[in-house]
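The following paragraphs lead through the structure shown here, from its overall make-up to selected local features. Please keep the sequence and the model in view while reading.

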Amino acid sequence: MLKKLFLFSFFITYSLLFSVDNITLEQLETLKDRGAISLEDYEFLKDELEGRLEEKHTFSLFINKNQISNSFPIVYKNDKTFISLQEYFENIHFKNYAFTNNILDMSLGEELANIMLNFNTLKITGSERTHFAENDFYFDGEELFLDSTLFSDIFLNAIDIDYGKTRISLSTKYTIPNEIKRLMRVQEGKINENRNLTNFYYTNSREFFNLGYMRFNLEKTFLKSEGVKNEAWDGNLEYQGAFLYGELTTKYNLKEGSLTQANLYYPNLPYNHYLEIYGIKNSYGHWKKSLLLQKDKGYYEDGKQFVIRENVPIGSRVELVYLGATIDIAYEENGVIEFRNPELKDDREYLLRIHTKDGKIITQIIKTNDDFNQQNPGEFQYRFFGTETDLDNKNNYDTSIYYGVTDHFTVGANYFKTYEEINNQNTAIEKTGGELIYSNLFRSQAYSFVLKGEQLFSDEKFEREHSFEGLAQMKFQKFKVRYEEGHFSDYYDEKNSRRVTLEYNPSSYLNLDYSYVWIDEWDGSKSTGNEISADLAKSFNALLTTFQFERDLDDVNHYSLNFYYTGYRDYSVKWSNSITEKGNDFESTISIFNRARQNGLDYSFEVSYSEEDKEKFTFRVNLDYDNWFRFDMNSKDNGDYDISVGLDRVVDLKNITQPLDNMDTSRVKVITFLDLNDNDKLNKNEHYIGDVEVEIDGVKKVTSYSEPTYFFGVSNNILYNLNPIVRRPSYDIVNSKFSLKGKGGGDIEVLIPIKPLFSITGSLSIADSSLNSADIYEGVVVKVFDSKNKLVSTMLPDFTGYFDISGLVGGIYKLEISSFKNDSIQSLNTEIDLSYSNIKGNVFELNLNLINNRIEIIESL
């Protein structure tokens, strides 16, 4: 009977295992309760019914058409295919990555492209794909598995999984495995080499005063407006140089004969802040003085609009690049560029390509992020802006400070004062406020809370003088939900407002926003409705297409369609189109410009059409030749035009014969000196040493014995590697690496320590004439050990007993002279201090004698 029951249970279990599709979860629970199946079989069948069964299979792995492995694991789980990242890395011998705090940081390919996967925030940086979901990965112990689609988006151009033939073929975006291994060996060799190098880095020193640069800008303008022709001219002198330990920039108007602008700039302050003190002479002849201290993030928010603002070299032209395409271009004004482009959105990465007047190209990455001023623990963010009003000496202030208390909690405070015209009176509006920001993660999903309070000080000019605002935001997978509520003083138009926003990012190139808004204004009016926006940005090789749709609270629709092409040589084409629902304001602009200077020529063309401006076409040309001649033309189809021809040149006031193409440069003062005490510093008793060739940016100069050597016009914000070549024998830089980077201010002083190389020479004589000297010398060996007892040199004397060991740096050495052929000869062990002497130079001489089977020093000079 027991045997029959066992066979019956086995038959039931076998049938279940091979026909699980015909059984329900309730039936499975009943079989488990009756003991018809084991607990292990129950768990297995339950996982399969619920789609959580994990199946691991072995595939043949092919990478770039080469077979790499016959046993590459593929896992089926939750109706997805997963790939082990550890197995993939091991198969391609890839080690250039780190995994800490759930953040995977990799450097891929020959260019060592940096890609980072943050499994806390589910974000990707450095890749076209920027987000992923929780079900796109899982951990099995310490092993990480990625969904095949996510894996392909990060690492591959193409993937082919043949389930029938159990074969997986990968085409990689980056280097093939052998190339990766070669790069790893090169990187490892460089790391080991750099460990033994002394690194010298030089930048500008802050100076009280240092004569700087002058820019001459003269311009003749020809105008025609409504049939009336006119001519005008303008000219400016701009000066830039170190002053009061900062960087002074001034502007003098030749036509007016007066100073019109002065700016004192202090960059690189603690916590990445900068300070500007500046004055501008307005049209009333009044000097409007201002002071600004704030964090340099590269952008700021003006309402909902992101604005990129950067200090750039004077005379620069800057490209704004997104997804590899140039979407906007700007020319600096007073050393600053600003982009207010509708393509600027939250949580995106942009590139600034800065073309300086001397042909250099500087790139800078700007990452926009609505972080609510969240700070790291112990970190401050300051903003202090004070400025005078235009016609009187009254001051306006806008100040704030934020401090990171913990990793998640930030506190802030602000103070604001301005003068406004209220009821025909110039009234001071003064207010202060506080802010609390808390951000954290809940099951890998980011959330934030912001609370603000504000109090007016207005001598009861307003009915309600306090304001409160609150914000709660949650991000999960591809969604962002935000709730905002505010109750405001009657200084503002709005009395109460509420807003619920849902943002959806189904892919890296599509963003959808929906908001529902309730607004009560102090005048009694109410507004209720929705706001909708959709942003699409898709790149097709060298063509970037963007589409934007917005519906505002008044139910007016706005459309824009833009095309950016950068695929033909060094040219970029931008075609932008915009229109609203009313349909009579269509605008279209086509711009063509070169992204790199060609034969000293920089130019751009633009044709625009505006239906709102009475259907007028506008044609614009800009030319800049060899950094001295400028030509600008703006013409309309009605015959009006604006043409300007000008001279634009920069000179170094310390060396006016030296041609300069850019004011944002530094002088470099190079001194090569004999470092006698090996402390890498120029001391009073150490003198200059010449005959050292130094190269900076392709310019080579040989240093002098009596005075510093100067390099002029070295562009700032570029890291230059120096490779000094010492022409004198017995001197060298000895395991040192030199680099410099100009940041503005005073000169860059480069002190290069030249080390004397020492030689130990000696002669071994034999006192006993009966000995065979040739036989003795053949068995003698001279060894030199450094202060750490490391063998640095070995030499055998010649047939006369003479030896010469050269190329030694200063220091204390141990000299060992012994015989490996004759054990009866006692070796000599002595300590030698190699130091430079003006009398002895850098040669240490020893006279040795072999007497009574002992090697002894008989004379030391």
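A residue is called buried when its relative accessible area is under 20%, exposed when that value is over 50%, and partly exposed in between. In this predicted model, helix H5, which spans residues 148–155, is mostly covered, with six of its eight residues buried. These buried positions are Ser148, Leu150, Phe151, Ser152, Ile154 and Phe155.

The same criterion can be applied to the whole protein: 41% of its 861 residues count as buried. The secondary structure consists of seven helices and 61 strands. Of the contacts between residues at least 6 apart in sequence, 47% join residues at least 24 apart. The accessible surface amounts to about 46,400 Å², and carbon and sulfur atoms account for 50% of this area.

Among the strands, S19, S20 and S23 form an open sheet in the order S19-S20-S23, with antiparallel pairing. Strand S19 (299–302) and strand S23 (336–339) are the edge strands, each pairing on one side only. On average, neighbouring strands of this sheet are turned by 25 degrees against each other, direction ignored. Strand S20 (residues 305–311) runs antiparallel to S23 and is joined to it by four bridges. Glutamate 310 has isoleucine 337 in S23 as its bridge partner.

Leucine 647 counts as partly exposed because its relative accessibility is 34%.

Conventions
Residues are numbered from 1 along each chain as its sequence is written. This is a predicted model: local features need pLDDT of at least 70, side-chain atom pairs count only at pLDDT 80 or more; totals for chains, interfaces and linings use all residues. Side-chain values use heavy atoms; hydrogens and water are left out. Buried means under 20% relative accessible area, exposed over 50%, partly exposed in between (1.4 Å probe, protein chains only). Helices (H or I, at least four residues) and strands (E, at least two) are DSSP runs, numbered from the N terminus. Contact means heavy atoms within 4.5 Å. Accessible areas come from the Shrake-Rupley method with a 1.4 Å probe; for residues, only the protein chains shown count as cover. Two strands pair if DSSP finds at least two bridges between them. Axes are lines fitted to C-alpha atoms, for helices over the stretch in contact, and angles run from 0 to 180 degrees between N-to-C directions.
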